[in-house]
Amino acid sequence: LPLLLEASLLWLASGSHHPFYNGFYYNYIMNDKGNGQEKVVYFNGAKLVVETPKDPVYSSNGANVTLPCHYHYEPDLESKRKIRIKWSKLRDDYTKEQDVLVAIGKTYVAFGDFRGRAHLHQTGRREASLVVSDVRLQDDGKYRCEVIDGLEDESNVVDLRLQGIVFPYQPPRGQYSLNFHEAERVCQEQGAILATFNQLFQAWSEGLDWCNAGWLADGTVQYPIRLPRKPCGGVHLAPGIRSYGPRHRHLHRFDAFCFSSALRGEVFYLDHPSGMTLEEAKQSCQDMGAEVARVGHLYSAWKFLGLDRCDAGWLADGSVRYPIIKPRANCGPVEPGVRSFGFPSEGRFGVFCYKER
């Protein structure tokens, strides 16, 4: 009997047998030859597959968006199963996840900023799509759809991208005066957030050329160059995103690259025959049930609403700017853009106001 038992164990360990089934299905689970062959375990007799779109899903600030996710089994299982679904938001480097939603059946819980804004869309068979309402700037990024069936756990990723605009920002005190945390704050004060690398790259591909280095959301410092030149890395470097890499978030100081998306309201211009001081401009906007527009508001109105005005106006940070869609005489350079007069300590101008819809 001991010899028979030993022979049976040797036969099982030899790897020459077929996978066996005793309520579960194991494939290559006894492969321990160290030959690099992947060990695969399929429970319940079928492989769980999670599918999401390969192309990014696009949305904008304030909109509602659905992130598609479906799952199936190979071969198919007809019986209904108690599935757990989990959605998480990933960092660009995949090192950290933010819980978005967990669901079992029709019961779900949303977390953090997604509470009250996220729910499952399960109209189809074996659908696990996520609906996010009132999309915010911070929602831009990659999301993991995870489906859990007992001991099986499979996932895939959806890339949500907000349609927006990246703009460089310097505060009143001048160039290279912001550490990382101050850069985060000034972008938020201007109706924006710190841009990601992907957002900066998209802006560069659309023509952004800026020779001053600025913080990005991952703590790196970079700048986009379309036309190589000596002060911007040298004339012999190819166009692209120049990088200083990660910098010390407290000690090092640079400008900021901010990201803003479509507006939830409108930007309009007010003027006075003799112009206005900044305080008078604030009062004029308040009289119209509005506020002085922020820099992010003006850039968004320029890009998404086609705002074109060859009259300089105050903005909330004390700067004076104006947006040009169609370049013309006496309206600045030959390229479209948002022109800046800086932060004048005195002077009288019009004002750009912003009013929520």
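This is a predicted model: local features need pLDDT of at least 70, side-chain atom pairs count only at pLDDT 80 or more; totals for chains, interfaces and linings use all residues.
Is Glu206 buried or exposed? Glu206 is exposed, because its relative accessible area is 52% and the cut-off for exposed is over 50%.

Side chains of opposite charge can pair when their charged atoms come close. Glu206 forms a salt bridge with Lys303, with the closest N and O atoms 3.1 Å apart. Lys303 sits in helix α5, while Glu206 sits in the loop between α3 and β16, so the pair ties together parts that are 97 residues apart in sequence. Lys303 is partly exposed, at 35% relative accessible area.

The structure holds 16 salt bridges. Another joins Arg126 to Asp76, and here the closest N and O atoms are 2.6 Å apart. Arg126 lies in the loop between β10 and β11, and Asp76 in the loop between β6 and β7, so this bridge ties together parts 50 residues apart in sequence. Arg126 counts as buried, at 12% relative accessibility. Asp76 counts as partly exposed, at 38%.

Now look at two strands. Lys86 and Asp99 meet through their side chains in a salt bridge, 3.6 Å from N to O. Lys86 is in strand β7 and Asp99 in strand β8, 13 residues apart. Asp99 is partly exposed, at 36% relative accessible area.

Salt bridges can also join up. Arg173, Glu182 and Arg253 are linked in a network of them.

How values were computed. Residues are numbered from 1 along each chain as its sequence is written. Side-chain values use heavy atoms; hydrogens and water are left out. A salt bridge is a side-chain nitrogen of Lys or Arg within 4 Å of a carboxyl oxygen of Asp or Glu. Helices (H or I, at least four residues) and strands (E, at least two) are DSSP runs, numbered from the N terminus. Buried means under 20% relative accessible area, exposed over 50%, partly exposed in between (1.4 Å probe, protein chains only).
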